[in-house]
Amino acid sequence: MADVARRAGVSVKTVSNVLSGYPYIRPTTRERVLAAVDELGYEINVTARIFRSGRSGVIGLAVPELGQPYFGELADEILAAARRHGLHVLIEPTGFTREGELAALREPRRGLMDGLIFSPAALDQGDAHLLDDLDYPLVLLGEQIFSPSVDHVTMRNIDGARAATELLLDAGRRRIAVVGMLHAETAGSASLRYQGYRQAIEARGIEVDTRLLGWADDGWHRANGARAMAAVLDSAADVDGVVAFNDALAIGAMFELQVRGRSIPGDVAVVGFDDIEDARYSVPALTTVDPGRREIAEVAVEIIRRRVGDGRGAPEGDGQREAPVLYLAGMRVVERESTPPRTGSR
């Protein structure tokens, strides 16, 4: 630590404060210290830090998988946000399994982490009791579980899917397929996004045509988007628009449409969800819903930092725990080439 201090031109105490996530550090000083840490390859002795301060400066992130672009990019945003607070992140892919998610909550390494950001996909509302009386700060992501006992940061799934569908309706599309349906799901993103889709079309007096429902029970990946789109087209349904429940599904659906000679957006307009990097570089570039991924990451890390800093939520000095937060990130539709330009737009 002394070597880092000399390299950065600061005191050892300042280095300690930066690495402990102390908030009242000038950004330029924090950046200088972290650059020196990188240059020197400094590694924190986590065990010594825990003995000395009761905190490790390490938080956990449990997500279903990193191979799905949304979760990989979310992990990157959380790593960046944590770094700005001088925190380190241990990432635990849970494999979309109940066993993996329970292990993330109970993992022996939990003792080395100050808190956990947790995005469940297999646990559901019936498991909410598992989150009661945890002895560490937990921030929930997603829509599988809601609990009054813990902080929760999530997105506007219904609003986003409804806005995506309304964009197509406003462009004159009336035979809008939806890709990403799950037979087994009773809650979560798919159910909420389907609600938004259904609200939008029914508000225009259009009934749901079951031939336009594209199922993706094997996961929201490109290949499953292509298969779901193929099944819809093979049903002889007349399709002029597609709302996909994530961008990977949308890219797979566009591939299948183009293989079959359908032009995008001329014959079929397509909207995705998540605004992953691939959406900018697909052909055509994909119109999609930005659900506020960076905001979700920044708010989740800030909540964890605050909970760790004040003893899991007790405001300093009064001994009472701050009530858990339910935070909804902002969303917006990002229009690109897979949908027709709005009248009067470039």
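What follows is a short chat about this structure.

Q: What kind of model is this, and what pLDDT do local features need?
A: It's a predicted model: local features need pLDDT of at least 70, side-chain atom pairs count only at pLDDT 80 or more, and totals for chains, interfaces and linings use all residues. Residues are numbered from 1 along each chain as its sequence is written, and side-chain values use heavy atoms, with hydrogens and water left out.

Q: Helices, then. At what angle do α5 and α12 cross?
A: Roughly 45°, with the axes of α5 (residues 69-84) and α12 (residues 293-309) coming within 8 Å. Helices here are DSSP runs of H or I with at least four residues, strands are E runs of at least two, and both are numbered from the N terminus. Axes are lines fitted to C-alpha atoms, for helices over the stretch in contact, and angles run from 0 to 180 degrees between N-to-C directions.

Q: What does that make α5 relative to α12?
A: That angle makes α5 oblique to α12. Under 35 degrees counts as roughly parallel, over 145 as roughly antiparallel, 65 to 115 as roughly perpendicular, and the rest as oblique. The crossing of α5 and α12 is right-handed, meaning the near helix is turned clockwise from the far one by less than a right angle.

Q: Which residues in α5 and α12 meet?
A: On α5 they include Y70, L74 and I78, and on α12 they include I296, A297 and V301. Contact means heavy atoms within 4.5 Å. By class, the α5 contact with α12 has eight nonpolar, no polar and six charged residues. Ala, Val, Leu, Ile, Met, Phe, Trp, Tyr, Cys and Pro count as nonpolar, Asp, Glu, Lys and Arg as charged, and the others, Gly among them, as polar.

Q: And how far apart are the axes of α7 and α8?
A: 7 Å, and α7 (residues 157-170) packs on α8 (residues 189-203) at about 40°. That makes α7 oblique to α8, and the crossing is right-handed. Among the residues that meet are I158, T165 and L169 in α7, with L192, Y197 and I201 in α8. The α7 contact with α8 has eight nonpolar, six polar and three charged residues.

Q: What about α9 and α10, at what angle do they cross?
A: Roughly 50°, with axes coming within 6 Å. α9 and α10 are therefore oblique to each other, and they cross in a right-handed way. M229 and L233 are among the α9 residues in contact, and I251 and L257 among those of α10. That contact divides into nine nonpolar, three polar and two charged residues.

Q: Switching to the backbone: is the peptide bond from I264 to P265 cis or trans?
A: Cis, with omega near 5°. P265 is in the loop between α10 (247-259) and β9 (269-273). The bond from V283 to P284 is also cis, with omega near -5°, and P284 is in the loop between α11 (277-281) and β10 (287-290).

Q: Is the phi of A236 positive or negative?
A: Positive, about 70°, although A236 is not a glycine. A236 is in the loop between α9 (222-234) and β8 (241-244).

Q: Last topic: how many cavities of 30 Å³ or more?
A: Three. A cavity is a set of points on a 1 Å grid over the protein atoms alone where a 1.4 Å probe fits but cannot get out. Points are joined across faces, edges and corners, and a volume is the space filled by probe spheres set on them.

Q: What lines the second largest cavity?
A: The lining includes R174, R175, Y197, I201 and D209, where lining residues have an atom within 4 Å of a point. About 40 Å³ of space lies in this cavity, and its lining has five nonpolar, no polar and four charged residues.

Note on methods. On a 1 Å grid over the protein atoms alone, a cavity is a set of points where a 1.4 Å probe fits but cannot get out, and a pocket is an open set with protein on both sides within 12 Å along at least five of seven lines; lining residues have an atom within 4 Å of a point.
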